[in-house]
Each structure stands twice: as structure tokens, then as C-alpha cells.
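Hi everyone, thanks for coming. Let me put the structure up, and then I'll walk you through a sheet, a core and an interface.

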Amino acid sequence: MKQSYLTLVLAFFAVGTYAQIDRSTMPESGPAPEIKLKDPQTFQMKNGLEVLVVENHKLPRVSIQLRIDNAPVPEGDKAGVSSLTGSLLGKGSKNISKDDYNEEVDFLGARINFGPQSAYASGLSKYFPRLLELMADAAIHPNFTQEEFEKEKQKMLTRLEAQEKDVKAIAGKVSAALAYTKAHPYGEFATEETVNNVVLEDVEKFYTDYFVPANAYLVVVGDVNFKEVKKLVEEFFAPWAKATPPTLTFSVPSDALYTQINFVNVPNAVQSEITTENLVDLKMKDPDYLPALLANEILGGGGEGRLFLNLREDKGYTYGSYSRLGDDKYAPARFRTVASVRNAVTDSSVVELLKEIGNIRSTPVSQEELENTKAKYIGRFVMALEDPQTIAEYALNIETEDLPEDFYETYLERIKAVSVEDVQKAAQQYIKPGKTRIVVTGKASEVLPNLQNISFNGKTIPIKYFDKQAEPTEKPEDGAENQG
Amino acid sequence: MDGFSEKRYIIVTLSLYLQRTTQYDIMRKLLLPGMCLILAVTVLKAQEVEYEEYDLDNGLHVILHQDETAPVVTTSVMYHVGGKDRTKGRTGFAHFFEHLLFEGTKNIDRGDWFKIVSAHGGKNNANTSQDRTYYYEVFPSNELELGLWMESERMLHPIIDQVGVDTQNEVVKEEKRLRYDNSPYGQILFTVAENLFEKHPYKDPNIGYMKDLDAATLEDVKAYNEKYYVPNNAVLVVAGDIDIPETKKMIGDYFGPIPKGADIVRDYPTETPITTQIEATTYDPNIQIPASIIAYRTPGFTERDAYVLDMISAYLSDGKSSKLYKKLVDDQKQALQVGAYNIAQEDYGMYLVFTLPVGETALDTLNTEIEEEIAKVRDSLISEKDYQKLQNKFQTRFVNANSSVEGIAGSLATYFMLYGDTELINKEIEIYRSITREEIQEVANKYLKPNQRAVIDYLPGEAPEQ
């Protein structure tokens with residue numbers, strides 16, 4: 001009774017104060033919210049494993065992430081061995097059968113998944129000790145068997161077959177292979193042949209070589225207590241023997257010598273996948289990292305990027321067009337622009353992409369674009385704080401990317417300090433319109449006739465043809481008619 | 001950063017039933033001043049989601065949720081309009097509107113919507129199901145007023161003109177190509193819906209037939225807007241780091257003057273029960289491996305039976321020890337992937353079991369194996385242990401469901417608008433807890449019998465010429 005009386009009074013009060021607002025102008029922002037960054041609690045085990053703990057008691061749950069930060073591994077004629085290793089991990093352990101393991105994880109209402117050099121578990125925090133134990137056990141004492149190996153191999157072959165007509169999957173595979181060559185870990189991919197080359201011993205060796213604690217991080221986030229985590233981790237991960245992965249070398253990829261179209265014929269395509277790409281040597285610790293991110297964001301970061309506004313909102317060629325700028329501490333990353341477009345506008349879309357790539361280098365961005373994009377980064381930073389994983393992720397980046405300790409504390413200041421000139425310089429450094437590879441995956445008979453006539457800086461862009469395995473091939477026959 | 005993310009090989013995901021955008025339009029400015037607030041409630045125990053809800057005079061329902069974890073606020077509006085709300089020959093309108101309503105308003109120029117959002121550090125999007133459309137922005141908390149202004153502009157006077165209609169028509173066609181026509185297994189939900197429904201609008205794709213969008217006139221489009229995008233057909237949720245009295249005042253200022261629309265009548269045909277197995281074949285040129293689909297028509301999502309079916313899905317295919325996964329993928333190695341999905345919708349649901357064979361396994365073999373497991377659920381009680389496992393799984397889901405403010409905003413809107421009970425955000429778990437083993441068996445017998453199903457062979461290639 002009393003409660004509703006009060007509410008009513010408040011309601012009337014509210015009615016009385018409605019103001020006449022001017023909706024023709026955008027509301028002013030309130031004072032910027034204060035940002036608090038916390039640090040995770042950490043410790044390191046003797047075997048090298050580093051542990052980061054973020055206590056967060058909002059919900060009664062926990063996540064446990066094991067990440068092994070090794071350099072990329074070339075798999076060569078056994079490409080697929082890492083995937084198979086990931087698939088075979090987590091199938092019980094030397095101490096517990098696969099069926100019992102799966103049954104128990106499900107019974108706890110939890111999840112445990114493994115990658116070739118990673119593991120992830122999540123569940124209710126009341127089950128944390130057992131969950132951690134199950135994860136550690138499967139990670140440290142895997143039970144690789146011939147039977148499971150054959151089964152996973154068969155599944156992998158079926159998955160490869162399933163991708164054969166998948167335009168996006170083909171485009172992704174071929175564009176990486178062309179950028180890096182298939183001799184590079186980032187360019188190679190599994191095929192029926194390479195998967196068939198893998199034997200169980202290769203999986204065991206991959207595991208022994210790379211699933212080691214030297215570069216490993218364990219991140220525990222959730223409704224847990226640091227002291228308890230420390231005690232349990234030290235117990236369950238003690239058997240993980242100290243070891244360092246072998247160091248391998250691989251080729252250094254280089255850019256295309258001149259801008260060219262690399263065409264892959266997929267006759268079932270109703271849209272063409274277009275990727276333009278060039279290599280970039282960019283690491284998070286580089287001084288122009290933030291200006292480079294902003295340049296990329298302005299060009300194609302999202303629904304307000306130039307690519308989206310041009311190719312989608314203005315031309316209606318595509319559902320979305322974006323650009324991506326990678327960073328990598330081990331090897332060159334890629335700068336890419338992408339669009340999935342209907343067959344009939346494939347050539348026009350390539351022209352528009354090249355135009356935008358050229359513009360972001362040649363013309364300074366406007367102050368307004370830059371300010372808007374900074375605001376977007378600032379907002380993203382603020383929003384990320386809701387997720388307790390963010391704290392751990394930042395700490396991990398500082399550690400693994402060799403960043404200054406105050407990288408994130410000064411992040412917003414450094415974003416704010418980026419100038420129009422900085423952005424243009426970064427664009428000129430990382431975007432290379434004269435050495436761009438334009439990978440078009442689509443239906444030759446509908447796309448090629450026009451694609452052959454595109455000119456760039458007054459010259460026709462040469463086209464090279466590749467098959468789905470990224471091998472050079474002849475021009476498809478059904479794409480030849482209509483020429484010129 | 002590769003190798004960090006867990007690798008999972010899910011070839012097909014069925015979250016596709018939501019169309020998602022990114023986009024805007026009209027009305028006149030007219031106002032009925034004044035509004036009164038009806039009170040509502042706040043409760044809370046540990047981990048419960050606290051909220052407050054009330055109506056404006058124009059019928060707009062408002063839900064507020066305060067959470068000070070981070071200086072962030074979500075403003076969202078759900079309209080009770082989805083793919084099923086259309087007249088004959090005008091499919092796909094709700095999704096088309098999702099795009100159109102980003103084009104601009106009387107006070108927001110065409111093309112500025114996304115720019116304004118990101119220039120203030122925010123993000124936004126929208127999505128459309130067969131039943132409702134959801135628009136939202138997430139901003140740093142000092143931009144709350146901006147979020148309210150934008151959503152109220154969209155509701156009060158979007159600009160709907162030929163330019164916007166023409167542009168978004170093309171964009172939607174590209175979306176359809178991207179998501180369905182050029183995408184392996186992209187036709188699954190279309191073919192299931194087509195086979196399970198004869199009369200109800202659920203038979204047609206949410207994204208619509210392109211010929212219908214082409215045929216739409218500007219007048220059709222404007223009429224649709226006036227009918228459905230009105231405060232009395234909407235719920236506004238504001239969630240995050242907010243000051244409640246201030247927020248209420250702003251909501252009144254921005255949304256109060258929006259005129260109420262006419263009442264909406266939804267009177268969709270009822271389906272006659274399926275009593276004979278339906279057999280169908282669909283072709284997909286983008287695939288190499290065929291798929292088997294077994295589908296059943298089930299009740300709308302507010303029915304208790306729909307919750308039971310959720311549990312049966314989890315029993316059959318959630319987790320490596322689930323019946324179908326363990327048998328088909330793990331033990332017998334016949335399937336690459338198997339999933340039982342309860343696709344919950346307002347009027348009827350679609351329950352489907354989807355399998356991809358490994359190697360030479362025939363689709364018929366898979367279907368027989370699947371029916372064998374479903375028959376067990378019909379013919380006997382699931383074990384005590386499996387029952388407890390299900391309860392534990394749903395407990396975990398419940399804890400995870402309310403883990404982000406953005407997610408809580410969406411759930412509050414959904415529970416109010418589609419389930420008619422906002423409090424389900426805290427109480428839904430009790431429904432699952434109260435479901436018994438006997439009920440699971442009963443519901444399996446009610447909906448999952450062989451003569452009630454559609455068996456669809458989903459094959460690679462082009463459909464043969466008739």
C-alpha cells in the first residue's frame with residue numbers, strides 16, 4: 001500500500017516536470033564518464049606457465065582459458081596436423097575414458113574445448129575445482145588412439161569436401177595462399193592429400209613439440225578466489241613438464257609486383273567475393289599503430305566507413321564492404337578490403353574499391369571524420385570494460401605483444417593525440433595501391449567479360465587465373481565470350 | 001592471435017532466422033501532450049535482474065534496468081512486427097523496414113545515422129524475426145539522451161521516400177544472396193518452413209520474395225509504417241548506468257509526444273495438424289555433402305510444451321554425451337554434425353533435427369538412427385541421471401543468459417512483448433525446473449511422432465527440370 005502510494009507521487013512529480021524539448025537539434029553529450037582500469041592478479045609456475053586471475057563476483061560462473069603463444073608452425077605436406085591435434089585433444093585422458101569425460105563435463109553443465117595449442121572451459125563457479133582438474137588432465141595427459149585418429153581424419157576429409165563449392169571459404173583460402181604462398185604457415189592449407197599424409201605419430205609429435213608451457217598463459221575469470229585458484233592451478237598443472245617449442249623458420253612473403261586481378265572460377269556463385277590485399281609489417285608496439293588503425297577504420301571500419309557508404313549506401317552493390325588491417329609480431333599481416341557483390345556489378349565494385357584505397361592515401365581525411373572515428377574507438381574502449389575478460393586480455397597483450405606497461409592507461413590520450421597528418425602517413429605506409437592483389441572468386445561466364453576491361457590509372461589491370469587450390473591455371477573457357 | 005580461439009567445426013549454424021541490418025524514415029509531427037505513468041514494480045534477490053516498467057499515455061511500454069558495472073547504456077526499441085505481418089504479395093516487409101528505418105528522420109539527414117552513433121562512441125544495429133523487430137544502440141552512459149532522441153526520431157517521423165526504398169531494395173537483395181543464395185545450406189529454414197506450413201505466414205521466408213519487394217509501391221511502404229511502427233506496438237528498454245528519475249523525465253520528453261496508432265489485429269490462419277509424413281527434396285548448388293532434415297511443427301513459444309521441447313533438444317544434441325551426438329558422431333561415426341533445434345516462434349515453432357553424413361552414410365540410414373533415439377524418448381522415461389544433467393545445463397544457461405547489459409535489454413523486451421511477462425527474465429528457470437521426466441515423454445508423444453514430421457533430403461546441385 002505504502003509502496004504504491006509513493007510511486008504514484010513520484011509519477012505525478014514526473015508529469016509535472018516534462019519540458020518542451022527542441023528535437024530539431026541533437027542532444028549535447030553529458031560529462032565524460034570516469035574510467036577505471038584494474039589489473040589482474042598474477043603468478044608464474046616453475047614450468048613457465050603464467051597465470052592471470054580476474055575476480056568478478058557478479059555472476060556465479062567462471063571461465064578458464066589456456067593459451068600457448070608459440071610462433072606459427074609450418075605444416076607443409078602434412079597440413080592439417082595441427083587441426084587434427086586439436087580435434088584429438090579433450091577426448092578424455094590417460095586417467096579417464098572419453099565417454100566418462102564427456103559425461104562428466106555435460107553433467108556439470110559445463111563446456112571444455114581444445115584447440116591445437118589452446119583450451120577453454122566455462123561453467124558454474126561451484127564446479128571450478130573439478131572443471132580445472134578435468135581441463136588440466138586432458139591437456140597434460142592426452143590419450144591419442146588410432147581409432148579416434150582415423151575418425152577425426154575422416155571427418156576432416158568430409159569437411160574439406162563440404163567446402164568445395166563454398167565461395168567464401170574458397171576465397172578465404174586462395175587469398176591467403178596468394179598473399180603468403182603455400183610455403184608459409186599463414187598461406188598453407190589442408191587438402192585431401194596433405195591430410196592423408198598425416199599419421200598418428202605426427203599428431204603425437206606436434207603435441208609433444210608445441211603443447212608445452214614455455215609460452216603458455218592461463219587466464220581465470222569469474223566468481224573465484226585468487227588464493228584458491230593459485231593453490232589448485234599449482235596442484236593440477238604441476239605435472240606439466242617444462243619444455244620450449246622448437247624454433248622453425250619459414251619464407252618471407254612479398255607483395256605482388258604490380259596491381260593485378262587473381263581470378264578463381266566458381267561456377268555456382270551468385271555473388272562474387274572480392275578481396276584486395278597487400279602485406280603490412282605492423283605490430284601493436286609500433287608507434288604508428290593507432291594512426292594506422294584509425295586510417296583503416298575511416299576507410300572501411302563499419303557502417304560509417306567510406307567503403308560501406310559508397311558500395312552499399314550509395315550504390316547498393318553489396319550488403320556490406322569493409323577493410324581490415326592486421327598486425328602480427330611474427331610475420332607480415334595483411335591489409336584487405338572486402339565485398340560480396342552480385343555478379344553484374346563485380347567490375348564496378350573493383351573500381352570503387354581501388355578508388356577508395358587510392359583516396360585514403362592521396363587526400364587527407366577530414367577533421368570531422370577523424371574526430372568521429374576517435375570517438376568510436378573511445379566508445380569501444382569504454383564498452384569493453386563491462387566484460388571482465390577485457391582486463392585479462394589487456395594484461396595478456398602487454399605481455400605477449402611486448403607493449404609498455406601503461407599501454408592501455410594512456411590509450412585514450414594517444415588516440416586523442418592522433419592528427420590528420422599521422423593518419424595519412426600511416427595510410428601511405430601500409431596501403432599499397434600499386435602492389436595490390438585483387439582476388440575475385442566468382443562465376444566466370446557472368447563476371448569475366450567485364451572484369452577484363454577494367455582500367456586503373458589508365459591501364460588495363462592484368463588478370464591471372466587460379467584454381468581452388470591457388471594454383472595457376474588457364475583462363476576458364478566459359479568466361480571468354482563477349483570480350484571487348 | 002590465431003590458435004587462441006577455440007576451433008570448432010560447425011558447418012551450419014541455424015541462428016540464421018534473424019535478419020540483421022544496419023539502417024531509416026517518416027510521419028508528421030503531431031502531438032498529444034501529457035502522459036501518465038503507471039507504476040510498476042521492482043524486486044530483487046541475489047542475481048535477479050531488477051527492473052521497473054510502466055506505460056506512457058500513447059501506449060509505449062517502458063522498461064528500465066540499472067547496472068553500474070561500466071559507464072555504458074543500451075537504448076532499444078522492439079516493435080511487435082515481423083516477417084509474418086504482411087498482406088498477400090508483400091512478404092519481407094518487416095525486414096525491409098529494418099533497413100529503411102536507418103535512412104533518416106525529419107531531424108537526422110539521410111546517411112547520418114551510423115555516423116552520429118559512432119561519432120559518439122556508440123554502436124548500433126537491428127534485427128528482424130518472423131515475430132518482431134529490434135533496434136538498439138549502445139553508448140557510453142553520457143550519451144543516454146542521444147540514444148533516446150534517435151529512437152524517438154525513428155518512431156515519430158522517419159523519412160520514407162523513393163530514394164531510400166530503391167537503395168535498400170538493392171541492399172536487401174544482396175543480403176539475400178550473401179546469406180542464402182550464395183551460402184552453403186542457406187535454404188534450410190526456407191525449405192523447412194515451406195513444408196511445415198500451408199496457411200500461416202510462417203510458410204514464407206522472413207526476408208521475403210524479391211518480386212514482392214520489387215512490386216511494393218511507396219504508398220504500400222508508408223501504410224505499413226503507419227500501421228506497425230507506433231508506440232502502442234512497441235517497448236522501449238533503457239538499461240545500464242542510468243539515473244532512474246532523470247531517465248524517466250527524458251523518456252517522457254522524447255517519446256511522450258508521439259501519437260498513438262490504431263490497434264493492431266493479428267488474425268493469422270490456424271494450421272491443420274500434420275498426420276501423414278511429408279517427404280520432400282531440396283537442392284542447393286553451393287554444397288557438396290547432402291544433409292538430412294527431419295522437422296516437426298510445434299506450439300508457440302509461450303506454451304509450456306515449447307519449454308519441454310527445448311529440454312528434449314538439449315537431451316538429443318547438446319554436448320558430447322548427448323544421445324544423437326554420442327551415437328552418430330562419436331560412436332558410429334556416421335555423421336559429421338548433428339543438431340536438434342527448437343526454433344521458437346510466437347504462433348508455432350519448428351523443431352528440426354539436422355544431420356550431415358560422413359563418407360558414404362546414406363541419408364535414410366541417418367533418419368532411421370535418429371528416429372530410433374526419438375522413439376526412445378516417446379516410449380520410455382529418460383534416466384534420472386540424464387534428467388539431472390539437463391537441469392544442470394539449464395541452470396548454466398540461465399546464469400549465462402543475463403551476463404551483459406545489452407543482452408538483458410533484449411531479454412526484457414522479448415519477455416514483455418512476446419511472452420507477456422517481463423518477470424520471466426528471473427522466473428523462466430523455474431519453468432524448466434518444474435518439468436518432469438514424465439512430461440518429457442508426454443510431449444515427445446504429442447509432437448514428435450513419425451506421422452507428424454517432414455523428412456527432407458537436402459541434396460547438392462540444381463533442381464532437375466520438371
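Let's begin in chain A, where strand 3 (residues 61-68) and strand 5 (residues 118-124) run antiparallel and are joined by seven bridges. Strands here are DSSP E runs of at least two residues and helices are H or I runs of at least four, numbered from the N terminus; two strands pair if DSSP finds at least two bridges between them. A:Arg61 sits opposite A:Leu124 of strand 5 of chain A.

A quick word on the source: this is a predicted model, with local features needing pLDDT of at least 70 and side-chain atom pairs pLDDT 80 or more, while totals for chains, interfaces and linings use all residues. Residues are numbered from 1 along each chain as its sequence is written, with chains lettered from A and ligands numbered from 1 in the order in which they are written.

Back to the sheet: it is open, with six strands of chain A in the order 1-2-6-3-5-4 and mixed pairing. Its edge strands are strand 1 (41-44) and strand 4 (111-115) of chain A.

Now, which residues touch the most other members of the largest nonpolar core? Among them are A:Leu131, A:Ala295 and A:Tyr430, in a core of 119 residues. Such a core is a set of buried Ala, Val, Leu, Ile, Met, Phe, Trp, Tyr and Cys residues joined through C-beta atoms within 7 Å, buried meaning 20 or more other C-beta atoms within 10 Å, with C-beta atoms placed from the backbone.

Finally, 76 residues of chain A are in contact with 75 of chain B, contact being backbone-placed C-beta atoms within 7 Å.

Terms used: Contact = placed C-beta atoms within 7 Å. Buried ≥ 20, exposed ≤ 12 C-beta atoms within 10 Å, placed from the backbone.
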